Amino acid sequence: MGYLDVFASPDVLKLGFRFKQDVVYLSSTFCRLGCDPGFDRVGLEPYIDVAAIHGYLQPKRLGRRKDSKSLASVCEELLGYSLSKELQCSDWSHHPLTEEHKEYAARDALLTVFLRYSASFEPRL
């Protein structure tokens, strides 16, 4: 099963932080490498966007637009974990990726899972 198969499969629940934005970045990256990614042309459902859930669960403020928070700020707020984002704007097109880039990506993915299953995301009755 290739990456596109995983993204397109209705049997695979995808989880991300601003998930559709990441899919657009992945698609453009693979296009630059000469591949036909198709990520932005497939049905991505089912997926859970942790950023959207966090925004939805925030108290509504009258007269103010909800703030769009970063993964780092949500991790600090809900998990008490300070996430360094220094590699976020570095060159991700150079392959193979450095060990630091791989660790950064893995940490982002793992923290997204932690956020999804944190008590702050459970429905309050």
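Helices (H or I, at least four residues) and strands (E, at least two) are DSSP runs, numbered from the N terminus. These close-ups come from a predicted model, in which local features need pLDDT of at least 70 and side-chain atom pairs count only at pLDDT 80 or more, while totals for chains, interfaces and linings use all residues. Residues are numbered from 1 along each chain as its sequence is written, and side-chain values use heavy atoms, with hydrogens and water left out.

**View 1. Lys102 and Glu99 pair up within helix α5.** The two residues are three apart in this helix, about one turn. Their side chains form a salt bridge with an N to O distance of 3.4 Å; the term stands for a side-chain nitrogen of Lys or Arg within 4 Å of a carboxyl oxygen of Asp or Glu. Lys102 is partly exposed because its relative accessible area is 40%, and Glu99 counts as partly exposed at 48%. (Buried is under 20% relative accessible area, exposed is over 50%, and partly exposed is in between, using a 1.4 Å probe and protein chains only.) By the salt-bridge rule, the count comes to three, and the next two views take up the others.

**View 2. Lys85 reaches Asp108 in a salt bridge.** Here the closest N and O atoms are 3.0 Å apart. Lys85 belongs to the loop between α4 and α5 and Asp108 to helix α5, so the pair ties together parts that are 23 residues apart in sequence. Lys85 is partly exposed at 23% relative accessibility, whereas Asp108, at 15%, counts as buried.

**View 3. Lys69 and Glu77 form a salt bridge.** Their side chains meet at 2.6 Å, N to O. Lys69 has a relative accessible area of 31%, so it is partly exposed. Glu77 is also partly exposed, with a value of 36%.

**View 4. His101 sits buried in helix α5.** This helix spans residues 99-116, and His101 counts as buried because its relative accessibility is 8%. Look for the polar contact of 2.7 Å between the side chains of His101 and Ser90. (A polar contact is a pair of N or O atoms within 3.5 Å; within protein, one must be able to donate a hydrogen and the other to accept it, and residues adjacent in sequence count only if both atoms are side-chain atoms.) Setting aside neighbours within four places in sequence, His101 is in contact (heavy atoms within 4.5 Å) with Leu87, Ser90, Asp91 and Trp92.

**View 5. The largest nonpolar core brings together 10 residues.** Its members are Phe17, Val50, Ala51, Leu71, Ala72, Val74, Cys75, Leu83, Leu111 and Leu115. α3 (50-57), α4 and α5 each give two or more residues to this core, and α4 supplies the largest share, with four. (Such a core is a set of buried Ala, Val, Leu, Ile, Met, Phe, Trp, Tyr and Cys residues joined through side-chain atoms within 4.5 Å.) Not counting residues up to four places away in sequence, Cys75 touches Gly80, Tyr81, Leu83, Leu111 and Leu115.

View 6. Leu79, found in helix α4 (residues 71-79), is partly exposed at 32% relative accessibility.
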